[in-house]
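Please find my notes on this structure below.

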Amino acid sequence: MIDKDFTPEERKATLGLAGVFSLRMLGLFLVLPVLSIYASKFPGATSFLVGIAIGAYGLTQAFFQIPYGLWSDKYGRIPILIFSTIIFFLGSGLAAYASYEQNIYLLIVGRFLQGMGAVSSVVIALIADLTREEIRTRAMATIGASIGMAFAFGMVLGPLIASHFGLGGVFLFTAILALISLPYIIWGIPRPEKIVHHEDAEFTSSYLGPVLKDSNLLKMDFGMFTLHMGLTAVFTVSPLILEKFISPSDIWKVYLVMFLVGLIVMVPSTIIAEKKGLIKEVKIAAIIILLISFGLFVKFENSFVPAVIAIIVYFSGFMMLEPIMPSLMSKYAPKHLKGTASGVFNTSQFLGAFVGGASAGFLLKYGEFAVFVFVGIITVIWLLLVLTMQMPQKRV
């Protein structure tokens, strides 16, 4: 993503902020494949409370990401980054303490605090300050790629760390990652010469009305909500399914295969979608793959190999969708609305993560199949909405 068109200053800023952002996201992804297994054993923990703990960060992240961006316009990018990192560190520390004490309620509070460390809008605003408009899209793509790498490492490292140090060890590692990034935020990140509000990258409150009146953008928001609701729901339930057959310390092997297959599928599908102009067709195919995986989960939740296949099929569909969804959203939004549309789009993603954890936890009392039936129904609605969408006109 970083090429000769970047100046040395732009390269340093982009790579540095990608590192800060990926460390933050790695801290969140580490917990996803293991939290339901370990937290479900806490005294007084119900499946619903565990689901809330899994999705809690999404609620506060959705609530705070737009205000953080606006506050960074007023008070400066770096002070808000420092503040959010400290909040994330404190939340991770509290979650670690709660895990060692096996207190599900303190764990939920810690997860809410982690979400209050939302940083995406501030990072995007700072990237916009430190890069020229002609290379800004590539800089944002570098940030996106760093998140993908964080997800991969989180899926593998989370179960490994938990198997040796417990759930508390995972949160302690997360706190350490935040602490590592703090000195760089304070002394290493270049300071912009001046802070400017960038309509193409940041949320602008006066543009919220037009964004919420655009039916195609609303359908994209619903799609992102559904995609990440499904992701959190699947990884609330799938660790519990796998635990029936293998030790939690070995779950990382399943997730490693899952990610490698998903990556192999993602690369050609993204090329077909973007280069061949078949983005809607790829999107429809990927949603159908998600629905197939939910059907496999319902039928084979008590069989190890078919359940693993269902996980791999699900993640392949997810990986087909994850890179093209933001790209397609930006194609629907006029240039001056892109920042606001992106803010609403990302808020929908985080809300989806919360609803996915909470709904999966609630529905688990009816059986694992109930979770997949529910997310399957919502995904069918998404598919029907996609079928009604026209491809966006090319915009300058």
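1. **A loop residue.** Leaving aside residues up to four places away in sequence, Ile 246 touches Ile 251, Val 254 and Phe 304. Contact here means heavy atoms within 4.5 Å. Ile 246 sits in the loop between helix H9 (215-243) and helix H10 (251-275). Helices are DSSP runs (H or I, at least four residues), numbered from the N terminus. Ile 246 and Phe 304 are 58 residues apart in sequence, and their C-alpha atoms are 8.8 Å apart in space.

2. **Basis.** This is a predicted model, in which local features need pLDDT of at least 70 and side-chain atom pairs count only at pLDDT 80 or more, while totals for chains, interfaces and linings use all residues. Residues are numbered from 1 along each chain as its sequence is written, and side-chain values use heavy atoms, with hydrogens and water left out.

3. **H4 and H7.** Helix H4 (residues 77-101) packs on helix H7 (residues 133-188) at an angle of about 165°, and their axes are 8 Å apart. Axes are lines fitted to C-alpha atoms over the stretch in contact, and angles run from 0 to 180 degrees between N-to-C directions. H4 and H7 are therefore roughly antiparallel. The angle classes are: under 35 degrees roughly parallel, over 145 roughly antiparallel, 65 to 115 roughly perpendicular, the rest oblique. The crossing of H4 and H7 is left-handed, that is, the near helix is turned anticlockwise from the far one by less than a right angle. Their contact has 19 nonpolar, 8 polar and no charged residues. In this scheme Ala, Val, Leu, Ile, Met, Phe, Trp, Tyr, Cys and Pro are nonpolar, Asp, Glu, Lys and Arg are charged, and the others, Gly among them, are polar.

4. **H1 and H4.** The axes of helix H1 (residues 8-29) and H4 come within 12 Å and cross at roughly 20°. That makes H1 roughly parallel to H4. The H1 and H4 crossing is left-handed. H1 contributes Leu 17, Arg 24 and Leu 28 to the contact, and H4 contributes Leu 81, Ser 84, Thr 85 and Phe 88. By class, this contact of H1 with H4 has 4 nonpolar, 2 polar and 1 charged residues.

5. **H11 and H13.** Helix H11 (residues 279-300) and helix H13 (residues 324-332) pack at about 140°, with axes 11 Å apart. That makes H11 oblique to H13. H11 passes H13 in a left-handed crossing. Ile 279, Val 282 and Lys 283 of H11 meet Ile 324, Met 325 and Leu 328 of H13. The contact of H11 with H13 has 5 nonpolar, no polar and 1 charged residues.

6. **Domains.** What does the domain assignment of the chain give? It gives domain 1 (1-203) and domain 2 (206-395), with bounds from an automatic or database assignment. Their C-alpha centres lie 21 Å apart.

7. **Domain interface.** 36 residues of domain 1 are in contact with 37 residues of domain 2. The area buried between domain 1 and domain 2 is about 3,000 Å², and carbon and sulfur atoms give 72% of that. Buried area is the accessible area (1.4 Å probe) that two parts lose on being put together, summed over both. Ile 37, Glu 199 and Phe 203 supply 16% of the area that domain 1 buries against domain 2, more than any other three residues.

How values were computed: Helices (H or I, at least four residues) and strands (E, at least two) are DSSP runs, numbered from the N terminus.
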